[in-house]
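The following paragraphs lead through an assembly of several chains, beginning with a contact between two of them. Please keep the sequence and the coordinates at hand while reading.

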Amino acid sequence: MELVLVNLIDGLVTGLLLFMLSAGLTLIFSMMGVLNFAHASFYMLGAYFAYQISLYMGFWVGLLVAPIIVGIAGAGVERYGLRRVHQYGHVPELIFTFGLALLIEELVQFIWGKNQMPFDIPEVLNFTAFAIAGNSIPAYKIFMIFISVAIFIGLLFVLTKTRVGMIIQAALSYPRTVEALGHNVPLIFMGVFGVGTALAGVAGAIAGPVLGTFPGMAFVLGSIVFVTIVIGGLGSLWGALVASLLIGWITTFAKSYNIRMEDILNGIGISTPEYLDDNIFRDLWTITSPQIADILPYILMVLILIFRPYGLLGKRDA
Amino acid sequence: MNEQDQITTDPTKPAQRMRAGSMTISATPWIVAALVLIVLPMIFTNNSAITIMNQMAITIVFALAYNMLLGQGGMLSFGHAVYSGIGGFACMHIMNATEFFAVLPLPLLPIFGGLFGMGLAMIVGSFSTRSAGTVFAMISLGVGELIAASSIIIVAFFGGEEGISGDRTYSLPFFGIEFLKQIEVYYLISAWLMISTLLMYLFSRTPIGRMANAVRDNPERAEFLGYSARWVRFYSFIFSGFFAGIAGALFAINYEILTEENLNTTSSGVILLVTFLGGVGFFFGPILGAIVFTLVQTVLSLQTDLWAFYAGVLFVSTVMFFPGGLAGLIMMHVPAFKFGKARHLVLPYIRTLLPGLITILGLSALVEMIFHFRHAATGEDEMTLFWTTFDSHAVFPWIIAIVVTAAAFWITRRNVPGLVEAWHKANNFSGGRT
Amino acid sequence: MRKTKQLGVTTALALIIGSTTAFAENIKIAFIDPLSGPFAATGTNGLHQFEFAAETLVNAKGGVLDGQMFEVIGFDNKISPKESLIQLQVAIDQGVRYIVQGNSSGVANALTEAVDKHNKRNPDSRVLFLNYAAVDPALTNEKCNFWHFRFDANADIKMDALTDVIAANEGIKNVYVIGQDYSFGKAVAEAAEANLAAKRPDIQIVGNELHPIGKVKDFTPYARKIVGAETDAVITGNWGADMLGLGKSIIENGFTGPIYTYYAAGSGITAAFGEGGKGSIRLISEGQINPPPTEEAAAYYTAYKAKYPDGNVDQSRISNTIGMLAQAIQAAGTSTDVVAVASALEGMEYDSMWGTKVYMRPQDHQAIQNMHIAVHTNEGVTFDYDNSGFGVVAESTIEMAGMDSPTTCKMERP
Amino acid sequence: MNSSANSTPALAIENLHKSFGKAKIIRGVNLKIGKGERHAVIGPNGAGKSTLFNLITGRFPPTSGKVRLHGRDLAGLAPFQINRMGLSRSFQITNIFPKMSVFENVRCSLLWSKGYRYSFWNMVSRSQDLTDAADSILEQINLTARRDLPAGVLSYAEQRALEIGITIAGGANVIMLDEPTAGMSHSETDYIVELIRTVTEDKTLVMVEHDMGVVFGLADYISVLVYGEIIATGRPEEVRANPKVQEAYLGAALEAEH
C-alpha cells in the first residue's frame, strides 16, 4: 500500500513535468494549428541556459532567467520564422519546426559540446523530504510538484480571469472569429508562442538536474509530448493535465510492477506453448510491463484516435 | 528581404499552369533517364560512387513512394519507414529461406518486398485513412513508434539490435549473373528505379491517382462526386506502402542487412525532409531531394563533422524561402524559358548568386573556424579549409574570412534589386503579378 | 532535365571523393564511428585517441617497415549500420586496408559481415576489421571470421571477471540485474545469472529486468524497486544517458551498495556522477588508469591531456590496437597483404604499457588481457576524467581474464 | 407534381426533423418532388434551407424522418453513396478543386459515372471518352477557353459555372443547387440562369435561391420554408398568391421586386 503511494508521487512528478510541456504545446497547437516539433527543443534550451547561468549566478537565478530567455527566443522564432512560413500552410510550418528541432540540437552541440552537463540539484534542496516505508522522497521532487502546480494555477488564472486569457480562450475554440473581432492576432500568436516555449523552458530548467542535461534530451521527450496533447484532446488545458498525469502514472506503475504477458495470456485462458524457445511468438510471451512501459502511451494514443478522435476532453476534432 | 519575398513566395503559380497544360506522357525524359542510368557507372567506376548511387536510387524510390502520400494524397505520415522496413525484413527472411531463395531470381525479390509493405499498409490503413490531417499524422506516428519499438523486443522477426542479414548471392543466378559485384547490383537497382518511378508516375495519371489529388484538395467535394474519400486515401496509402516496400527490398539487396534503423522514427523523419526538400508539388521533386540529401549525408559528412548543422540550415531555409522545394525553384523558371526571356536572367543571376555563394561559403568557413578554434587539440592550430591551410588561432585568417564574407554579402544585397527587376521583366507576360 | 542535374551533381561527387585520396604512402586506418549525433562524444574521443596513439606509438618512432606512417581517417557512420556500410565502401576505395570500429554491436555485426563478404568477393582489396569496443560475444563465437579481431574483452569475459569479484565478496547475498532491452543488455543479464549460479549458488538474484533502450525519461520507479528489493549489489550493462539516469536515480533513492557496470566513465558521465557516485559506481574494464601502471602510461596520458585538455584516455585498448597492428605489420613485412598481417596478429603476445600482456587468441581472434574492477572516486586519482577531479581507481585485478573461456568459433582461414 | 402522381417521386421527404442541441432547425418537413420537375425552395434567412439541403444530401444525419430518392431510403448513407444513386449537389460557398485545371475538375467529376471508379490500370489521358465528355461539358458551361487554367484563378461567376458543371457532369438525374447565383451581378446572374436551364434539361432540379427573379424564371414549383416548416407548395403563381406566404415572406420581397 505504501508503495502505491510512493508510485503515485513519482508518477505525479513525471506527469506534472509532462504537463508543463504539453500545456504550452496545446495552447500553441490549438491557436495556431502548428504541431510544434521543436517544443521539446525549447525544453532542452531551458535546461542548458539554466545550467550556464547557474555556473555564474546560482541555480535560482538560472531558474528565473532561463525561461525568460527561452520565451524570447521562442517569440523570435514565431516572429521571424513561423510567421513567414505560416502563409504556405500547415505542412510547411510543421516541417519548419521539424528542421528547427534538428538545428537547435546541432546548435546546442556546437556551443556546449556533446557531453552530459554536470547540472546538479542545488544544495538547499538536496535532502530527503520524507520517507514512506523506506522509500525516500527527495525534497527536489516536492519542489518540482510545487512549481508545476503553481504554474498550472497561474495559467488557469490568466486564462479564465484576465482579458488576454478570454481572448486566448476564444481563440482556442473559434480561431477565425477572434481574428475578425479586430484583435491583433499576430501579436497574440507571438505571445502565446513565447509563453508556451517559456513554460517548456521552465520544465527544462527544473528537469535538467534530475533527468540529465545532454543534447539528446529533447529527442527522448520529443514525440511523447504530442501523444499527451492528442490523448488529452487538442486545445484543452484540462485535457493536457489529465493526459499528462495519466501517462505519468501509467508508465510509473508499469515500471514498478512486473506484470508479465504470460500471466495475462494465461489469465484469459491461453496456455503457454510447450516449446516456447522455438515458438515464433516467444518474444511476445516473455514481454513484461517494465519492458514496454514507455511505449504504452503510444498504444493508448492509437486506440484513442481510433475510438475517440477528439481525445479525452477535447471538443474539436483533432 | 522584402525583394526576395516577391521572387519566392509564389513559385507554384506559373508552374501549375505548366502542369495543367502538359498532361500527355512524353517518352523522351524516360529514355534519357534510362540512358543516363546506364552510362553513369561507366563514368564513376569506383565502388564507393556506385554504392552512393545505389543509396540515392533507394532513397528516390522511397521518397517518391512517400510523396504519393504527402504530395499527391495530402497525408502527412510520421512513420512511413515501417512500410519500407517491413518489406526489407521480409526480403531478408526470404533470402535466408535457403531452399526457396535458391529457385528465386534476385531481380524478382523486390516484388515480395512490395507485397509485404502493401500488406502492412492495408492493415494500418484500414483504420488510419478514415481521415487525413492530424488524426492520420498522429496515428502514423503512434504506429511507427510501436513497430520501431517492437523491432527491438521481437527478436524472432527483427533480429534485435543487430538486425538480420543474408547473402544475396544464394539466389538463382539471373542469366548467369550472381550479383557478386556492386555494379551488377547497381543495374538491378537502376532497373527497379526506372520501373517503380514509371509505375508511380503512371499511377498519378490513373483515375484513382487523379482522385487522390481531388481528395487532397477538397475531400468533401470528392465525396459528392461519388468517391469515398476514405477509400481513395486507402488506395493511395497501400500503393505507397507497396513502393516503400520495394525500396526496402532494394535496401536489403544492396546492404544485405536490415536493422532497427530501417524502421525507426528518425528514418521516417528523414524521408519527410528529403521529400519536402525536393518539393512535394512536383512529381520529380523527391528525386532531387533524394539526390541532394544523400550527397549531404554521405559526401558532405566526409568533409565536415558539422554536416548535420548545415543540413538543418538547408532544411529550415528551404521551408522559409522556397516552400516549393528544389523542384519548385526550378519550375518557377519554366515560364521565362517558355517565353524565351530566360537570357535576361543570366547576367543578374551571376551578379547576385556568385557573391551570394561566396557569402554562404564565407559564413560556413567562419563556422568551421569557430568550431576548430574551440574543439581542436591543443597545439593543432592548423586547419585546412577550401584547399588552404592556415592557423585558426591567428588573427589574420579571421580578418580575411570576415572581410570576404561581409563584402560578398554587401555585393549580394546591392545586386538583389537588379535581379528582382530582371525577374519581373522576364515574367511580365502574365501581366501584373501579385 | 532532372537527370542532367544528377549528372552534374555526381561529377561533383567524384571530385570530392577523389580529392580525399591524396596521400599514397601512408598506411590508412579508417575509423568508422559516430562523429555526429547523440553518440558523437564517445566517437570523437575515440578518434582522438586513435590519432594520438598512431602519432605517439608509430609515427613518432619512425613508422613501420621502411618508414611508412599510420594515418587515421575518421568516417562518420552516425551510428547507423547503413551509413557504416557506405563509409566502409568509401574507405576501401580510398585504399584503406584496416577498419577500426567500436561503438554499437549492431554496427559491428553489420561491418564484420560486410567485410567478410567483401573479402570473398574482392580478393584484391581485402580489409581487416579491428574491433576495439563492440563486445557482443557473438562476434567471436558463431559470427566470427578471419578478418575480425577484437581488442576489448567480450561481454561474457567481462561478466566472468566481474562475478569473480562479486563471488569473493562474502557480504553480497542479493544481486539485482537491470539492463537495456536489446541484445547486449540481455547478454549481460544472462551471463550474470549463469556465472553467479555457478560461482555462488547462495547469491539470490532478487530482480532481473529490462527497460526500453534510450526511451526512459525517469528511472525513479526502477530505482524504487531496486532499493525496495534490499539488494546488496546492482549489475547493469547500461551505457550513455541510460547509465547516468539509472545510476543517479538509484543513488538518489538511497542505495549505498556497489553498482557494477561496464560503461560509466568519461564522456561527461564521470563529471555528472560526481560526488553522488563516489564509492558506488564500479566498472569492469581492461587497462588500469589509476594508479598509473607504468611510467610510459603516465607519460602517455600526460601528453594526451596536454593535447586534448577536455579529453580522456578512457579506452586503453585503443593504444593496444595500434601497437599490435604495428607489430603485426612489422612481423608480416607487409602492410598490403592483410592475410599475412592477420596471421601475424593471431596468437600475438603484446606487452601493453597499461601493465598487461595482451594475447590475441587464434581460435576466435579475441584479445585476452588483465581486467580490472575500478571504483569511481576522487581519492588517489592521478588522472581524472572530464576534468572533474573524479576518476576511476583500480580495486582488483583479474589476470588474463577469460583465458580458457570457451568459444564456438570455427575459424575459416583463407 | 400532379404529372408524376403515378410514378414514384424523384425525391420524397417525410416528416423530417433536425435539431442542433436544443435548437430545432427543421420541424417536420414533408415534400414530394416529381421526376423532371424544377423545384425551388425559398424562405427568409435562417429558415433552414441549407440545413434541409444538407440533410437530403447526407451531409448531416436527420434527427428523425426519412428522405427517399427514387423511393429508396437514404438513411445512414454517406454522401458518396447518395451521389452514386443519382443525386448531385452544388454548394453555397464555391466548392471546387482550386489547384487543378478547369478541365481536370470536370474530368474528375466524370470518373465515377463513366465507370472508372478506383481503377489504377487506366490512364485518364488515354481515355478518349473522358476527354470528349469533359470537353463537351466545358462547352456547355462556356469555359472551353479556360480549359487548362487552374480553377482557383477563374472569376467568381466562372467558378460558379464550373461548380454547376461539376455538379451535372456525373450524369445525376436529381440536381440540387444551393444558391447558384449568390453574390452575382445582374449580367452574371442571367448567364447562370441560362446555363442552369440548359444543363438541367430533362432532369429533376431542386434549388435554394434568394433571387426571386431567378426563382420565378426557372422553377416549375416553389416551396416556402419558414422556421423549419413548409408553409406552402405550388406553382409560382399559386405561391405568389398565397396569403400566408405573402405575410411571412414574399410581401416585402415582391414589393421590392416591382
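In this predicted model, the contact between chain A and chain C draws on 28 residues of chain A and 34 residues of chain C. On the side of chain A that touches chain C, at least two residues each come from helix H1 (2-32), strand S2 (135-138), helix H9 (217-232), helix H10 (237-256) and helix H13 (289-292) of chain A. The largest share, 5 residues, belongs to H1(A). By residue class, this side of chain A comprises 11 nonpolar, 13 polar and 4 charged residues.

The contact between chains C and B may be read in the same manner. Among the 4 pairs of chains in contact, chains B and C share the most contacts. Here chain C contributes 42 residues and chain B contributes 44 residues. Four helices of chain C, namely helix H1 (2-19), helix H3 (81-93), helix H4 (105-121) and helix H10 (295-307), each supply at least two residues of the side that touches chain B. H1(C) gives the most to that side, with 11 residues. The side of chain C that touches chain B divides into 19 nonpolar, 12 polar and 11 charged residues.

Some pairs of chains do not meet. No contact joins chain A and chain D, and the closest C-alpha atoms of these two chains lie 14 Å apart. Chain C and chain D are likewise joined by no contact, with their closest C-alpha atoms 23 Å apart.

Chain A contains 14 helices and 2 strands. Its C-alpha trace spans about 70 × 50 × 40 Å along the principal axes. Of the 318 residues in chain A, 55% are buried. Among contacts in chain A between residues at least 6 apart in sequence, 77% join residues at least 24 apart.

The UniProt record, an unreviewed entry, annotates "transmembrane region" over residues 12-37, 49-73, 94-112, 142-160, 181-206, 218-251 and 295-313 of chain A. Two of these spans can be set against the model. Residues 218-251 of chain A are 88% helix and 0% strand, and the end C-alpha atoms of the span lie 19 Å apart. For residues 295-313 of chain A, the chain is 63% helix and 0% strand, while the end C-alpha atoms are 22 Å apart.

Strands of a sheet pair through backbone hydrogen bonds, in either a parallel or an antiparallel arrangement. Strand S9 (residues 221-226) of chain D pairs with S10(D) in the antiparallel sense over 5 bridges. The bridge partner of Val224(D) in S10(D) is Ala232(D).

Methods
Residues are numbered from 1 along each chain as its sequence is written. Chains are lettered from A and ligands numbered from 1 in the order in which they are written. This is a predicted model: local features need pLDDT of at least 70, side-chain atom pairs count only at pLDDT 80 or more; totals for chains, interfaces and linings use all residues. UniProt positions are given in the numbering used here, feature names are shortened, and annotations may be inferred rather than shown by experiment. Two residues are in contact if their C-beta atoms, placed from the backbone, lie within 7 Å. Ala, Val, Leu, Ile, Met, Phe, Trp, Tyr, Cys and Pro count as nonpolar, Asp, Glu, Lys and Arg as charged, and the others, Gly among them, as polar. A residue is buried if 20 or more other C-beta atoms lie within 10 Å of its own, exposed if 12 or fewer, and partly exposed in between; C-beta atoms are placed from the backbone. Two strands pair if DSSP finds at least two bridges between them.
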